[in-house]
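User: Hi! Could you walk me through this one, step by step?

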Amino acid sequence: MSKVTRIISVSMMLTVLSAIILVGCGNRHSDKTGLNKLDITESLSQTSESEKGSQMDSLSEDNIDTETTDAEITDTEAEDSGQTASEEDSQEETSNPYIAAREPYTGVPVYEDMEHIYMNTTWEYADHSAISDGYAVLYKAAGERKNIIVGVNAGHGTAGGSSVRTLCHPDGSPKSTGGSTAAGATTATAVSGGMTFYDGTPESEVTFRMAQILRDRLLSQGYDVLMVRDNADVQLDNVARTVICNNVADCHISLHWDGDGLSYDKGCFYIAVPDAIKDMEPVATHWQQHNALGASLVNGLGDVGMKIHGSGSMAIDLTQTSYSTIPSVDMELGNASSDHSDETLENIADGLMAGINAYYGY
């Protein structure tokens, strides 16, 4: 072997020996730390997978929570929606806020004793009223109720009523007869002040006292009573009084004394429906009921000895009967010359009760 060859061989041996030493050092470093590049890569991969799993678990839990929350919200919304729908149905069934209950709902209101009955603006002809802020009062019989509500309307007694006007007829047609409003007029005084008795007593006071006595008599015989005016004043015009009776009562009896100016008591009569408006609705459908109720009441008054004027009726075109959709009549119980003591009013009440009982078959 030449000298050069020996040098190359020695150099190669040294290179191999250095490589062995370096590998050995690397292996010792790996043993010391317990991690090499592969270990680190696998660890990082495992960490990533672990974190990914943790994140997925977290996301899964979030989704579950979110789904639960959404479900709870959905249920709550459903409950709220159901409650709202129920409330809306209830409000629809009790569109009149002064109706206590309708259970089961039949369209027929159930009222409480002594309930205040206000105008419901959805009622037919309600929009024809000019004064409707007041209320009527319903009284229920204590026992043996007939389930008949008699509307008792004490005439007059509305402050400011004489300065306001309403249509004589729902369709705006002119009045066919004279009276407190001239024939041919299309509007009438919303509520007149009434006449004054020759002893100085206002008619409105006497009609109210008459209404109270009649109310008590009706209640004692099992009738319920709608007192259209339950005080010295009520802010309900003639249209409003009629509309409330149409929707709450079974009949409507208005109490008056005639302001004819005569110096003697001419007696009692009812206001009949004139022929000229018998084809006008709602009169056309109900005028026979109006006249039948009036005739029955006059007969009852005659039976208890009350003086009856003429044939017992006088045909006059009234706002009340022009708007009435139930048996309705204006009773004129005398005039300014008539006695209006409680004794006489009690006798009148007896006669009116006889007429009401006869009309309803009792």
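User: Which residues lie nearest the centre of the largest pocket?

Analyst: Quick heads-up: this is a predicted model, where local features need pLDDT of at least 70, side-chain atom pairs count only at pLDDT 80 or more, and totals for chains, interfaces and linings use all residues. Residues are numbered from 1 along each chain as its sequence is written, and side-chain values use heavy atoms, leaving out hydrogens and water. A pocket here is an open set of points on a 1 Å grid over the protein atoms alone, where a 1.4 Å probe fits, with protein on both sides within 12 Å along at least five of seven lines; lining residues have an atom within 4 Å of a point. The lining counts 34 residues, and nearest the centre are Ser180, Ser192, His256, Leu318 and Asp330.

User: Which strand gives the most to the lining of the largest pocket?

Analyst: Strands are DSSP runs of E with at least two residues, and helices are runs of H or I with at least four, all numbered from the N terminus. Elements giving two or more residues to this lining include helix 4 (238-248), strand 8 and strand 10. The top contributor, with five residues, is strand 7.

User: Is strand 8 buried or exposed?

Analyst: Buried means under 20% relative accessible area, exposed means over 50%, and partly exposed is in between (1.4 Å probe, protein chains only). Five of the five residues of strand 8 (residues 268-272) fall under that cut-off, so the rest of the structure largely encloses this strand, and the word is buried.

User: What is the bridge partner of Ile271 in strand 9?

Analyst: Two strands pair if DSSP finds at least two bridges between them. Strand 8 and strand 9 (residues 308-315) run parallel and share four bridges. In strand 9, Ile271 is partnered by Met314.
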